[in-house]
Amino acid sequence: MKGLCILGATGSIGESTLDVVSRHPDQYNVIALTANTNIDTLFEQCVNHKPECVVVVDEVKADLFKEKIKNSDLSTIKVKSGSKALEEVSTLENVDSVMAAIVGAAGLLPSLAAAKAGKTVLLANKEALVMSGNIFMQAVQDAGAKLLPIDSEHNAIFQCMPAEYVAGESTKQVRRILLTASGGPFRETPVDELHNVTVEQAVAHPKWDMGRKISVDSATMMNKGLELIEACLLFNILPDDIQVVIHKQSIIHSMVDYVDGSVLAQMGNPDMRTPIAHAMAWPDRFDSGVEPLNIFDVKQMDFEEPNLERFPCLRLAYEAITAGGIMPTVLNASNEIAVDEFLNKRIKFTDIPIIIEKCMNQFSAEIVDSLEVILQIDKQAREQSYKIIEEMFH
Ligand code: NAD
Ligand code: MG
């Protein structure tokens with residue numbers, strides 16, 4: 001029986017994780033759940049999974065939640081608040097595995113704390129890894145923690161690696177990684193119409209049902225840019241050895257090209273419960289609840305090269321990882337601000353890459369040697385992004 005903590009339990013990945021957990025009550029025991037503000041979903045999850053403790057980051061919502069718990073028959077559940085409490089629950093002694101499913105930089109510290117405490121980290125929160133790079137990978141290695149990718153592409157790549165493969169190792173047998181992408185909702189929209197797209201159109205992903213931030217990232221293809229950086233770190237491979245492939249059917253979730261000419265692919269229906277169940281059962285396998293792939297329904301599989309003019313965010317991610325140092329931190333922070341402004345209807349879809357590029361131009365690729373530097377650069381890049389937006393629109 002393994003103890004589980006889910007950071008970001010109320011999100012799309014968090015909910016899918018609990019769906020998988022409910023199929024295996026003999027293998028996983030839910031110890032801790034965390035949410036930012038969504039206390040209604042969290043309460044329902046408490047009823048179904050009876051965790052020992054929960055964190056509601058927002059203090060006001062946490063007080064409301066405490067009242068709700070006190071007046072229920074769940075009064076033994078401990079309720080904590082504030083972002084520091086996330087680190088407390090991700091390192092609890094009876095927690096073996098931590099699902100890192102908070103969106104954005106807010107997930108870095110609790111995920112890193114879990115890694116430092118030697119937990120098995122199931123990593124969905126790609127922004128945490130992208131912004132902290134080698135610091136995160138080093139922490140995993142130093143603590144002897146296990147890092148298993150949840151992002152469907154990286155989970156697919158991991159599955160196609162040699163059986164004994166450990167994240168962070170380099171592999172001479174691998175020639176290239178083929179990182180697949182659906183191309184998002186605007187794969188074929190004429191480029192000169194992109195400035196008119198609405199938030200509703202941008203979050204309506206054709207293949208995956210996800211949170212709002214990652215849905216916009218998929219529409220700009222910054223998601224693939226972040227995943228490119230994530231793959232460089234997880235698989236210790238150079239960006240030039242990763243080919244992004246647009247595969248609109250989203251049946252193949254990525255491929256590994258070996259030196260002997262073998263290309264291994266992982267396939268399945270696009271449902272995050274597959275990579276979640278894979279990582280939770282690893283090195284074993286168990287049922288995820290995902291419909292079996294009907295190969296006869298897959299009439300055709302298409303593959304094309306991405307157009308970097310249509311998707312400037314992907315170009316910026318290539319530039320950031322190639323420059324190295326703090327640039328991925330800057331890219332990620334600026335993207336978080338730009339996407340948030342777009343979701344709040346304050347900027348246009350096509351302003352997102354303009355803001356990020358202007359922000360990146362204000363930094364040089366100095367080396368990252370500590371967590372403090374990362375947190376400071378993240379803060380500066382956010383401030384710069386707001387300044388740039390202010391200058392562009394006022
Ligand atoms: P989501 O928006 O549905 O959920 C986000 C979760 O994070 C919620 O539980 C929310 O309460 C919590 N949260 C948000 N801001 C917070 C803060 N400041 N402090 C603490 N908690 C906070 O997002 P999602 O789609 O589940 O994505 C989660 C992560 O997984 C992202 O990094 C995303 O890139 C990655 N991911 C998601 C998918 C997917 O299919 N949804 C696939 C691959 C990777
Ligand atoms: Mg992905």
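Glu 153 counts as buried because its relative accessibility is 8%, where buried means under 20% relative accessible area, exposed over 50% and partly exposed in between, judged with a 1.4 Å probe and protein chains only. This is a predicted model, in which local features need pLDDT of at least 70 and side-chain atom pairs count only at pLDDT 80 or more, while totals for chains, interfaces and linings use all residues. Residues are numbered from 1 along each chain as its sequence is written, chains are lettered from A and ligands numbered from 1 in the order in which they are written, and side-chain values use heavy atoms, with hydrogens and water left out.

**The magnesium ion**

- The protein donors of the magnesium ion (ligand 2) are Asp 151 (OD), Glu 153 (OE) and Glu 227 (OE), which lie 2.1 to 2.2 Å from the ion; donors are N, O and S atoms within 2.8 Å of the metal (3.2 Å for Na, K and Ca), and sites may look incomplete because water is not among the atoms.
- Glu 153 in helix α7 (residues 152-160) and Glu 227 in helix α10 (residues 222-234) are 74 residues apart, so that the pair links distant parts of the chain; helices (H or I, at least four residues) and strands (E, at least two) are DSSP runs numbered from the N terminus.
- Glu 227 also counts as buried, because its relative accessibility is 1%.

**Ligand 1**

- Ligand 1 is surrounded by 22 residues, the closest being Thr 10, Ser 12, Asn 36, Glu 127 and Gly 211, where a residue is near a molecule if one of its heavy atoms lies within 4 Å of it.
- Oxygen atoms of ligand 1 lie 3.3 Å from a backbone N or O atom of Gly 8, 2.9 Å from a polar backbone atom of Ile 13, and 2.9 Å from a backbone N or O atom of Gly 211.
- The elements that give two or more residues to the shell around ligand 1 are α1 (12-22) and α6 (126-143).

**Strands around β3**

- From strand β3 (residues 53-56), Cys 53 and Val 55 point one way and Val 54 and Val 56 the other, and all are buried.
- Strand β2 (residues 28-35) pairs with β3 in the parallel sense over four bridges, where pairing requires that DSSP finds at least two bridges between two strands, and Ala 32 has Cys 53 as its bridge partner in β3.
- Strand β4 (residues 78-81) also pairs with β3 in the parallel sense over four bridges, and here Val 55 stands opposite Lys 80.

Key. Polar contact = N/O pair within 3.5 Å; in protein donor to acceptor, adjacent residues only side chain to side chain.
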